[in-house]
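User: I am new to this structure and would like to learn how to read its features. Could we go through them in turn?

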Amino acid sequence: MRRAGLGDGAPAGNYGYTNSGYSVYEEENERLTESLRTKVSAIKSLSIEIGTEVKNQNKMLSEMDNDFDSTGGLLGATMGRLRTLSRGSQTKLLCYMMLFALFVFFVIYWIIKLR
């Protein structure tokens, strides 16, 4: 069975399809394949850049987490010192108030005794 364009004189690059229109489809297919290849290459490079950025962001988040942990420990120690200081100053304040009350009591007692 013989097809149109198949014969001894057909060029080898067209696979025997000389004037039938298949070469147009082949060229379009090659163009689309090349377009797809460039798009895949662009997506590959973009995904590699995204992976690098994610690694950098994770490293930065880890460092921030460590900084916050150390700051939290420092803040906890400072709050403990403030509690200790406030307990001591309240005791001191209470002592001053009792001495003042005793002083006022003795002054009032002395005023009443002198009348």
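User: Does Glu 63 count as buried, partly exposed or exposed, and what is the relative accessibility behind that label?

Analyst: Note that the model is a predicted one. Glu 63 has 43% relative accessibility, so the residue counts as partly exposed. Glu 63 is located in helix α1.

User: Which residues form the negative surface patch?

Analyst: The patch consists of Glu 63, Asp 65, Asp 67 and Asp 69.

User: How many helices and strands does the protein chain have?

Analyst: There is one helix, and there are zero strands. Helix α1 covers residues 22–114.

User: What share of the residues counts as buried?

Analyst: The protein chain has 115 residues, and 1% of them count as buried.

User: How should I read a salt bridge, and which side chains meet in one here?

Analyst: The general idea is that side chains of opposite charge can pair when their charged atoms come close. In this model, Arg 37 and Glu 34 form a salt bridge through their side chains, at 2.9 Å from N to O. The count of salt bridges comes to one.

User: Where do Arg 37 and Glu 34 lie?

Analyst: Both are in helix α1, and they are three residues apart, which is about one turn of the helix. Glu 34 has 40% relative accessibility and therefore counts as partly exposed.

User: Which residues form the nonpolar patch on the surface?

Analyst: The members are Phe 100, Phe 103, Val 104, Val 107, Ile 108, Trp 110, Ile 111, Ile 112 and Leu 114. Together they have about 930 Å² of accessible area.

User: Is Trp 110 buried or exposed?

Analyst: Trp 110 has a relative accessible area of 54%, so the residue is exposed. Trp 110 is part of helix α1.

User: Which residues does the UniProt annotation "transmembrane region" cover?

Analyst: According to the unreviewed UniProt entry, the annotation covers residues 93–112. In the model, the chain over residues 93–112 is 100% helix and 0% strand. The end C-alpha atoms of that stretch are 28 Å apart.

Conventions: Residues are numbered from 1 along each chain as its sequence is written. This is a predicted model: local features need pLDDT of at least 70, side-chain atom pairs count only at pLDDT 80 or more; totals for chains, interfaces and linings use all residues. Side-chain values use heavy atoms; hydrogens and water are left out. Patches are made of residues with over 30% relative accessible area and no salt bridge: like charges are joined within 9 Å, nonpolar side chains (Val, Leu, Ile, Met, Phe, Trp, Tyr) within 5 Å. Accessible areas come from the Shrake-Rupley method with a 1.4 Å probe; for residues, only the protein chains shown count as cover. A salt bridge is a side-chain nitrogen of Lys or Arg within 4 Å of a carboxyl oxygen of Asp or Glu. Helices (H or I, at least four residues) and strands (E, at least two) are DSSP runs, numbered from the N terminus. Buried means under 20% relative accessible area, exposed over 50%, partly exposed in between (1.4 Å probe, protein chains only). UniProt positions are given in the numbering used here, feature names are shortened, and annotations may be inferred rather than shown by experiment. Lys and Arg count as positive and Asp and Glu as negative; His and the chain ends are not counted. The place of a charge is taken as NZ of Lys, CZ of Arg, CG of Asp or CD of Glu.
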